[in-house]
Amino acid sequence: MIEANHIIKEVTTSEGVLRILDDINLTVIDGEALAIIGPSGSGKSTLLGILAGLDTPSAGVVRVNGEDITAMTEEGRAAMRARYVGFVFQSFHLLPSLTALENVSLPLELRGDSSATEIAHSYLDRVGLTARLSHYPRQLSGGEQQRVALARAFASRPRILFADEPTGNLDTVTGKTINDLLFQLNREEGTTLVLVTHEATLASRCHRRVTLKGGLLVENDTVLSGTAE
Amino acid sequence: MMAWKLLWRSWRGGQLALIFWSLVMAVVVVTAVALLADRVEKALVKESSHLLAADAQVRTSRAIPDNWLQRADDERLETVQMALFASMVYSGDNNHLAAVKAVQSGYPLRGLLTLAERPFVTTPEFFESVNHGPPAGEVWVDSRLLPILKMELGDSLEVGEVTLRVTKVIVEEPDRGGSFSLFGARVLMNWQDLNASGVIQPGSRVDYRLLLAGEDSDLANYLAWLEPQLNSHDRLLSPDEAQAGIADTLIQGRRFLILAGSLGVVLAGIALALASRHYAVGQTAAVALLKSWGLSARRVRSLYWQQTFWLALAGSLLGLAIGWLVHESLVFLVRELLPVNLPQAGWRPWLVGLATGMLCLVGFALPALWHLPSLSPLAVLRQDVPVHPVSAMKRLVIGLLVILLMLLWYSQSVALTLAILAGLVVTSLAVMGPGWLLLNLARRLGSRAGSVWRLALANLWRRRGQTLVLLTGFAGAMAILMTLVMVRTTLMEQWRWQLAEDAPNHFLVNVAPHELDGVERLLADNQLSSVGWYAMVRGRITLIDGQPPSDELVEQNNALRRELNLSWSDQLPEGNRVEEGQWWEGLTNFAERHGENVAPVSIEEDLASEIGVTLGSRLTFSVGGLTFDAVITSIRSLNWDTMTPNFYVLFPKGYLEKYPRIFMTSLYLPPEQKPFVNTLLSQYPTVLVIELDMVIERIRSMVTQVTHGLELMTLLILGCGVLVMLAAVKLSMAERLQESAILRTLGSTARRILTVQSVEFGALGALAGLLAAVGAELALFLLQRRMFEAPFGLHVELWLWGPLTGALVIGALGVLYTRKAVRRPPLQVLGNLDI
């Protein structure tokens with residue numbers, strides 16, 4: 001479970017202090033799929049970064065599974081991320097010198113998993129890339145790259161998955177395929193999903209969505225049907 | 001293990017190639033230089049031992065004391081005693097004042113004696129090399145003794161009271177070296193026959209020598225014990241001293257190798273720093289990703305450090321191997337010129353190479369990568385997360401410190417290190433300030449030119465920070481290359497000039513006046529010509545300003561103890577320069593001021609300062625028991641490299657002609673006419689022929705060796721320079737790719753973009769070349785003044801070739817690189833800048 005209480009994020013610019021997030025309160029329960037939506041510059045990605053422990057708020061408290069990550073050092077937050085968290089990014093963030101299989105197995109290898117390759121293999125099977133294991137990112141299409149990224153994110157069996165505009169760089173058809181895959185894996189793995197998007201259709205597939213506007217949480221509602229597929 | 005895996009994957013991805021090869025190049029350059037220098041030095045020491053026929057030699061005018069021998073025995077040293085003296089030798093009715101050398105049978109302790117069983121043979125197939133002296137009852141002699149005494153091999157020779165059989169002729173003695181005696185032919189006899197001969201009587205002038213050989217440490221112990229017991233008449237000769245002249249030439253060559261090696265490292269270091277910076281930029285996303293997965297900063301640091309360490313180790317080991325190959329191929333190329341088989345190198349060159357690799361890592365690669373572990377993981381979400389690399393200034397200081405450390409270590413010379421560093425700093429300064437002005441000027445001029453020029457020059461100006469850095473890199477690299485090429489050619493020109501192809505290679509000494517016509521005719525019959533005959537009168541300086549020189553002065557100066565060769569000439573001989581006073585024609589009223597019987601005299605500057613005389617000093621000379629006075633009217637410097645006869649003391653014509661004199665000359669004898677020496681000696685056995693061709697051949701072979709070394713080094717340096725350019729271009733490539741893609745999206749043709757890029761790179765290259773010429777000229781000024789002691793002149797070719805080559809090479813490189821960008825679809829470039 002993620003609990004965010006009175007989150008404020010301010011940055012200092014040449015024109016003075018700019019408040020990006022203003023008193024955000026939010027709870028995400030285990031297994032829930034939450035969509036954070038809002039226009040560009042509304043603070044969606046900033047909020048995602050703070051909830052994932054990639055960034056710290058100027059004020060307020062974030063608890064992940066009961067642990068106050070805002071009170072932790074960067075090393076503590078790193079350990080928390082290693083235990084609980086996985087990511088999917090808009091720009092995929094695949095390492096160009098690694099094959100698809102190696103991109104997926106790397107996080108597992110780094111945590112000392114002796115069967116990293118086998119696990120990576122099976123996840124690439126699940127995203128339909130069995131024939132592309134030894135391909136490098138530059139040899140894959142955008143959709144295939146994002147599928148590798150999905151396999152990488154789920155292979156680590158995270159309890160919470162943060163996804164930042166996962167289909168933002170893809171065309172509509174490919175985007176839909178990726179979304180289907182994302183929600184399918186999310187359901188099968190029982191992962192908590194926090195998703196940043198400005199696509200209404202994607203947001204509508206989550207259990208709940210919150211809307212940010214100018215750093216404020218203006219809507220916090222539950223999607224009626226088809227929740228998290 | 002994980003680090004190895006990551007390293008292998010990064011390597012496979014091609015991100016590390018430039019870093020790796022820069023490091024390899026640094027190690028190759030240094031290892032090759034260090035191995036070569038080490039082996040040549042060892043060979044030199046070994047050869048010097050041959051010149052002494054021992055590892056060390058003590059010369060004394062008294063018999064070698066027993067306790068010296070006893071102590072040498074205690075220190076487990078091998079010893080041989082020798083006695084050198086002049087003595088009349090007889091064969092039938094004929095006699096000759098021979099240069100006798102009596103040796104114990106162990107002679108020579110180092111090197112070999114070359115003998116022959118026929119006189120005057122020149123072909124090696126008749127030679128025989130031995131490591132012992134003649135047995136008791138036998139003597140070995142110079143070929144020329146046989147015609148002098150009208151005898152043949154196998155005949156008897158009387159030395160004092162003993163009669164010895166002449167069994168072999170001497171072709172070469174290892175320790176005959178450069179001192180040529182005007183005494184007669186060599187007679188080498190056994191020490192055991194010395195007493196029986198009775199030639200050494202109390203008061204006889206004998207030069208005793210003790211030859212020593214053994215382990216370095218034993219020898220050092222012994223010499224430390226011996227030295228305090230030596231008096232001013234004794235002299236200790238170590239291999240270094242034995243070969244001081246040639247050593248000077250070699251030191252110059254070695255200095256150049258060190259210079260070339262150091263510059264190679266500096267260039268490779270710059271390339272390494274740029275490549276590492278480029279790699280670090282490319283790793284930003286990867287590190288953020290690793291950290292988003294929960295890797296701690298410490299773990300990230302450990303992973304990157306391990307990778308760089310293993311990379312540096314692999315690069316260094318490969319560099320050592322290639323460095324060994326480079327030096328081996330060099331040795332192979334010049335194997336016939338090497339006087340002896342080169343000894344194997346010690347461990348030091350390997351250590352120097354390995355340490356260079358590791359120091360390059362610390363000085364150039366690590367500072368660029370240092371900030372990576374502290375990158376924020378937030379960079380996975382946002383492009384604008386600030387990155388705080390180690391500041392350029394700090395990286396520069398660290399790099400310079402490491403360069404300083406390495407230069408000092410290699411050269412062991414503060415002056416040389418400072419000269420190279422000054423060149424670097426001056427070049428940087430000469431780039432940053434004027435570079436800014438030139439860029440500004442170019443932009444203003446460009447704004448009036450066509451659109452291609454305007455765009456290209458505006459690009460340079462807009463990115464002026466980056467342009468100045470690139471300019472410094474390019475200009476620096478080019479300045480170093482220019483400096484190197486100029487120093488190499490200047491150095492070689494000096495050497496070539498010193499050793500002209502037809503420089504005289506034989507001296508004919510001791511030609512009596514009545515033989516002069518005959519010898520001259522013989523030369524003419526063989527189509528040979530001498531540099532002209534110089535008369536010599538043997539005389540001694542007995543008084544200086546009316547006073548006998550002090551015992552101390554006599555003790556210190558050989559010139560006051562022995563007879564000097566006095567000569568006369570109306571013209572100032574070639575290679576002589578009057579440093580003080582006037583040559584004869586400038587003297588007025590000399591006879592009126594000093595009297596009819598006083599001669600003007602010109603004296604060599606070193607001799608003048610050694611015996612403490614100046615212009616106007618009055619010297620009294622004794623020639624064959626007659627004395628006369630002379631006043632110093634000029635002090636000359638001599639150029640000993642011309643291989644023509646030089647005299648310390650010169651008079652005008654008309655003063656020495658009445659004394660008994662002999663003649664000398666030097667001449668060039670082509671190799672195919674070498675047998676002429678035998679013809680000459682068999683007709684005029686008392687003429688002494690000094691075969692300088694042997695000496696010249698050795699010097700020339702050394703010069704050739706060094707030249708080959710320089711050529712190879714220059715190639716390596718060029719390789720390092722290219723690496724710098726590649727790294728620098730690569731560093732700015734991401735931005736260039738993006739711009740080109742945007743321009744093409746906006747409808748610009750590929751050809752037009754290529755033209756803009758080539759003009760931009762070409763202009764950058766031309767500016768860099770121009771600034772490099774300034775830097776190189778300054779560095780040359782310092783180097784020539786401080787290292788090569790050569791006069792300075794402006795190098796016009798630098799100012800022409802610098803900008804032209806810069807524009808062509810960098811322009812071509814730019815086009816070569818940007819062609820890739822133009823060919824790639826704009827969307828692909830804009831979508832994936834992770835290059």
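In chain A, helix α3 (residues 100-110) packs against α4(A) at an angle of about 130 degrees, with the two axes 8 Å apart. Helices here are DSSP runs of H or I of at least four residues, strands are runs of E of at least two, and both are numbered from the N terminus. Axes are lines fitted to C-alpha atoms, for helices over the stretch in contact, and angles run from 0 to 180 degrees between N-to-C directions. This is a predicted model: local features need pLDDT of at least 70, side-chain atom pairs count only at pLDDT 80 or more, and totals for chains, interfaces and linings use all residues. Residues are numbered from 1 along each chain as its sequence is written, and chains are lettered from A and ligands numbered from 1 in the order in which they are written.

**Helix packing in chain A**

- The angle makes α3(A) oblique to α4(A); angles under 35 degrees count as roughly parallel, over 145 as roughly antiparallel, 65 to 115 as roughly perpendicular and the rest as oblique.
- α3(A) and α4(A) cross in a right-handed way; a crossing is right-handed if the near helix is turned clockwise from the far one by less than a right angle, and left-handed if anticlockwise.
- Residues of α3(A) including L101(A), V104(A) and L108(A) meet residues of α4(A), among them I119(A), A120(A) and Y123(A); two residues are in contact if their C-beta atoms, placed from the backbone, lie within 7 Å.
- This contact has 9 nonpolar, 3 polar and 1 charged residues, where Ala, Val, Leu, Ile, Met, Phe, Trp, Tyr, Cys and Pro count as nonpolar, Asp, Glu, Lys and Arg as charged, and the others, Gly among them, as polar.
- Helix α4 (residues 116-126) of chain A also packs with helix α5 (residues 142-155) of chain A, at about 130 degrees and with axes 9 Å apart.
- α4(A) and α5(A) are therefore oblique to each other, and their crossing is right-handed.
- On the α4(A) side, I119(A), A120(A), Y123(A), L124(A) and R126(A) meet A151(A), F154(A) and A155(A) of α5(A).
- The contact of α4(A) with α5(A) holds 7 nonpolar residues, no polar ones and 1 charged.

**Chain A overall and its sheet**

- Chain A has 7 helices and 10 strands.
- Of the 229 residues in chain A, 48% are buried; a residue is buried if 20 or more other C-beta atoms lie within 10 Å of its own, exposed if 12 or fewer, and partly exposed in between, with C-beta atoms placed from the backbone.
- An open antiparallel sheet of 4 strands in chain A has the order β2-β1-β4-β5; two strands pair if DSSP finds at least two bridges between them.
- Strand β4 (residues 59-64) of chain A is joined to β5(A) by 2 bridges, and V64(A) stands opposite E67(A).

**Strands in chain B**

- In strand β3 (residues 94-103) of chain B, 7 of the 10 residues are buried, so the strand is largely enclosed by the rest of the structure.
- Strand β2 (residues 78-91) of chain B pairs with β3(B) in the antiparallel sense over 10 bridges.
- The two form a hairpin with 2 residues between them, and G92(B) in the turn has a positive phi of about 60 degrees.
- β3(B) pairs in the parallel sense with strand β9 (residues 186-190) of chain B over 5 bridges.

**Contact between the chains**

- The contact takes 23 residues from chain B and 23 residues from chain A.
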